Amino acid sequence: MKTTISEAAKHIGEEVTIGGWLSNKRSSGKIAFLQLRDGTGFMQGIVVKADIGEEKFQEAKGLTQETSLYVTGVIAEDTRSPLGYEMQVTGFEVIQEAVDYPITPKEHGTEFLMDHRHLWLRSKRQHAVMKVRNEIIRATYEFFNTNGYVKIDPPILTGSSAEGSTELFHTKYFEEDAYLSQSGQLYMEAAAMAFGRVFSFGPTFRAEKSKTRRHLIEFWMIEPEMAFMDHEDSLKVQEQYVSHVVQSVLDNCRIELDTLGRDTEKLEKIKAPFPRISYDDAVTLLKEKGFDDIEWGEDFGAPHETAIAEAYDKPVFITNYPAEIKAFYMKPDPERPEVVLCADMIAPEGYGEIIGGSQRIDDLELMKQRYEEHGLSGDAYKWYLQLREYGSVPHSGFGLGLERTVAWIAGVEHVRETIPFPRLLNRLYP
Ligand code: 4AD
Ligand code: MG
């Protein structure tokens with residue numbers, strides 16, 4: 001009977017066949033241990049010479065790394081492995097022999113591994129990271145679908161910028177100019193006025209010349225937008241959403257977190273509510289911590305974010321930033337118009353900002369004024385202004401960067417390992 005490694009637990013004591021690859025092996029005179037992978041997991045296969053015969057045993061000993069094969073054997077409990085079972089091999093059939101697989105069990109440099117990303121994805125660690133990513137995506141759909149949100153897909157090719165024009169990738173759209181989307185937000189605002197609560201999940205592009213462990217040129221963002229929700233309501237959604245995602249990974253990715261050596265005690269603590277600190281207080285805190293370079297009105301960099309996050313063991317919201325350093329659409333605080341109703345969610349353990357969000361300006365005149373102050377003009381935003389003209393309502397939304405969230409939850413140092421094929425400042429291959 002054909003099955004997979006992840007399903008094999010249901011077949012303890014039975015003989016099954018699994019299609020897979022040989023990821024590693026070791027052997028002695030009488031016994032060979034095959035490390036098998038099939039995409040669903042990693043499992044040990046044990047080949048005993050006395051059971052399988054001399055000829056087949058020699059063939060097993062000669063199997064090369066990443067050779068594809070069908071392995072047949074009896075599934076047996078194995079309490080020492082995280083998987084909990086292994087296979088007593090009774091036979092195998094090679095599909096294709098792999099000769100000189102480039103990624104050997106020895107250490108390789110990151111650039112070498114990145115050049116071989118199409119093969120590196122097969123490794124146990126990369127497999128674990130992608131499974132965590134997949135679980136975060138699954139839990140995201142679960143959270144928003146069970147809370148009455150409609151998934152809406154904004155366009156990727158756009159005629160204008162959503163945030164700031166310096167980070168745009170330009171392309172031709174027949175005779176017109178077009179740009180790759182850096183955020184679907186403005187379209188999601190239109191969607192919120194049609195469907196109430198909406199969320200998107202898709203790729204976004206930033207032509208930023210940043211070369212840090214938190215920056216990708218192409219990354220995936222989840223952007224919820226909610227009609228009739230103020231800033232405070234939005235913060236509650238954010239902390240519940242992030243808590244749900246973390247707890248889902250803990251529930252469903254135990255083997256992967258173990259493979260990654262993640263300290264799960266730190267993740268167990270991630271439950272709503274999350275602490276909040278105002279931008280004003282954050283500046284004071286930074287000055288107390290010896291950051292003399294920061295003045296009110298300046299944006300925080302990675303070291304500042306890390307220093308603020310250190311004070312907490314949960315993600316922290318930094319709220320009410322100065323209007324000047326934030327996007328044109330953010331609603332000014334009615335009591336203090338120099339700051340806006342916004343928050344960045346900073347992950348613990350130095351992973352930095354994972355969410356940016358705000359209440360949006362709903363007043364037509366103020367929106368027009370802001371829009372001109374930011375040097376935006378022309379017809380490109382006419383449709384966006386109309387949202388404030390025809391039944392405008394208070395609304396809020398946010399964007400969660402998937403790869404930074406994966407990096408934090410999986411405990412991976414650099415975002416380049418959290419997306420299957422990273423697009424980096426100097427990398428468009430493979
Ligand atoms: O803070 P950002 O730029 O916010 C927006 O784009 C809003 N329009 C979202 C909204 O309100 N709908 O980006 C949101 C998140 C960041 O917090 C970060 O997690 C991630 O996207 N992000 C990046 N991730 C990887 N590489 C980059 N270059 C990123 N830039 C932003
Ligand atoms: Mg931001």
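Arg 122 and Glu 66 form a salt bridge, with 3.0 Å between the closest N and O atoms; the term requires a side-chain nitrogen of Lys or Arg within 4 Å of a carboxyl oxygen of Asp or Glu. This is a predicted model, in which local features need pLDDT of at least 70 and side-chain atom pairs count only at pLDDT 80 or more, while totals for chains, interfaces and linings use all residues. Residues are numbered from 1 along each chain as its sequence is written, chains are lettered from A and ligands numbered from 1 in the order in which they are written, and side-chain values use heavy atoms, with hydrogens and water left out.

The domain assignment divides the protein into domain 1 (8–96) and domain 2 (118–417), the bounds coming from an automatic or database assignment. Nine residues of domain 1 and seven residues of domain 2 take part in the contact, defined as heavy atoms within 4.5 Å. The C-alpha centres of the two domains are 45 Å apart.

The size of an interface is often given as the accessible area lost when the parts come together. Here domain 1 and domain 2 bury about 600 Å² between them, with 60% of it on carbon and sulfur atoms; buried area is the accessible area (1.4 Å probe) that two parts lose on being put together, summed over both. On the domain 1 side, Arg 37, Phe 42 and Pro 82 account for 63% of the area buried against domain 2, more than any other three residues.

Across this interface the rule finds one salt bridge. Two residue pairs, both at pLDDT 80 or more, are in polar contact between the domains (a pair of N or O atoms within 3.5 Å; within protein, one must be able to donate a hydrogen and the other to accept it, and residues adjacent in sequence count only if both atoms are side-chain atoms).

An open sheet of three strands has the order 8-10-9 and antiparallel pairing. Strands are DSSP runs (E, at least two residues), numbered from the N terminus, and two of them pair if DSSP finds at least two bridges between them. Strand 8 (157–158) and strand 9 (169–173) are at the edges with a single partner strand each, so one side of each lacks a neighbour in the sheet.

Strand 10 (residues 176–180) is joined to strand 8 by two bridges, and Leu 157 has Leu 180 as its bridge partner. Five bridges link strand 9 to strand 10, where Lys 172 stands opposite Asp 177. Strands 9 and 10 form a hairpin with two residues between them, and Phe 174 in the turn has a positive phi of about 55°.

How values were computed
Helices (H or I, at least four residues) and strands (E, at least two) are DSSP runs, numbered from the N terminus.
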